[in-house]
Amino acid sequence: MNTIVFDMDGVLFDTERLCQDSWLAVAEESGLPNMDVIFPQCIGLNANDSRRIVMNAYGEDFDYEGFRSKASVWFWDYIEKKGLPVKPGVKELLSWLREEGWAVGLASSTRRSSVENHLEQAGIRDYFATIVTGDMVEHSKPRPDIYLMACRELGVDPGQAYAIEDSPNGIRSAYRAGMSPLMVPDMIAPDEEMRELSTKIFSDLHEVLRFLQTEV
């Protein structure tokens, strides 16, 4: 195989943790209970599916858009002050994939404007031949749609492509698409289901690079 599709948050950038911090901070300010339980359910989902989970928890009268707006302000303020946290091994892995002629895509549940911003800020936008984002599909992970679209745009059969994911929802999505999921856990430790669905589990992207080098 010489095709690979990356998730973004939690794989390329340590942004899932920042997103969680922003949600918890705004929830505390607003007196919302149980956000520490609700947020993990949203990891890997796009805006539509995350909204459904939050509205189910707080009721149909909950101002979800207002909440997300405040969380977004907190998130971007942090990045402006302290920079975008890039995961260790990202540039080494992407550089090797380019040198070896791999087809590289990205499938992120995040909306495209944020994805493009992050990639440009980190200086890695040009490594990706195709980018599929959460606002391009009605339902994102754990459904396979976003990975199937990425594979179509790369012109490859899903069975001939790897997917790099950190979250259970992402692994489920890649597996259901028929890809070979490589898991690099971030905020959620792998359980028995993840060990069954993942082709292999790694501690970081440096390990992923060493694995792919042995597969060539």
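Which residues does Leu97 touch, not counting residues up to four places away in sequence? The legends below, drawn from a predicted model, begin with this residue.

**View 1. Surroundings of Leu97 in the largest nonpolar core.** Leu97 touches Ile4, Phe6, Trp102, Val104 and Leu212, residues up to four places away in sequence being left out. The largest nonpolar core comprises 34 residues, and those with the most contacts inside it are Phe6, Leu12, Leu97, Phe128, Ile164 and Leu212. At least two residues of this core come from each of strand S1 (3–6), helix H4 (64–82), helix H5 (90–99), strand S2 (103–108), helix H6 (112–122), strand S4 and helix H10 (205–215).

**View 2. Helix H8 and its covering elements.** Of the 9 residues in helix H8 (residues 168–176), 7 are buried, namely Pro168, Asn169, Gly170, Ile171, Arg172, Ser173 and Ala174. The elements covering these buried residues include helix H2 (35–42), helix H7 (145–154), strand S4 (162–165), strand S5 (180–183) and helix H9 (192–197). Just after H8, Gly178 adopts a positive phi of about 90°.

**View 3. Polar contacts of Asp186.** Asp186 lies in the loop between S5 and H9. With a relative accessible area of 14%, Asp186 is classed as buried, because this value falls under 20%. Its side chain forms a polar contact of 3.0 Å with that of Arg17 and one of 2.9 Å with that of Lys87. Neighbours within four places in sequence aside, Asp186 is in contact with Gly10, Asp14, Glu16, Arg17, Lys87 and Asp166.

Definitions and conventions:
Residues numbered from 1 in each chain as written. Predicted model: local features only at pLDDT ≥ 70, side-chain atom pairs only at ≥ 80, totals over all residues. Heavy atoms only, no water. Buried < 20%, exposed > 50% of the residue type's maximum accessible area, 1.4 Å probe, protein only. Helix = DSSP H or I, 4+ residues; strand = E, 2+ residues; numbered from the N terminus. Contact = heavy atoms within 4.5 Å. Polar contact = N/O pair within 3.5 Å; in protein donor to acceptor, adjacent residues only side chain to side chain. Core = buried A, V, L, I, M, F, W, Y, C linked by side-chain atoms within 4.5 Å.
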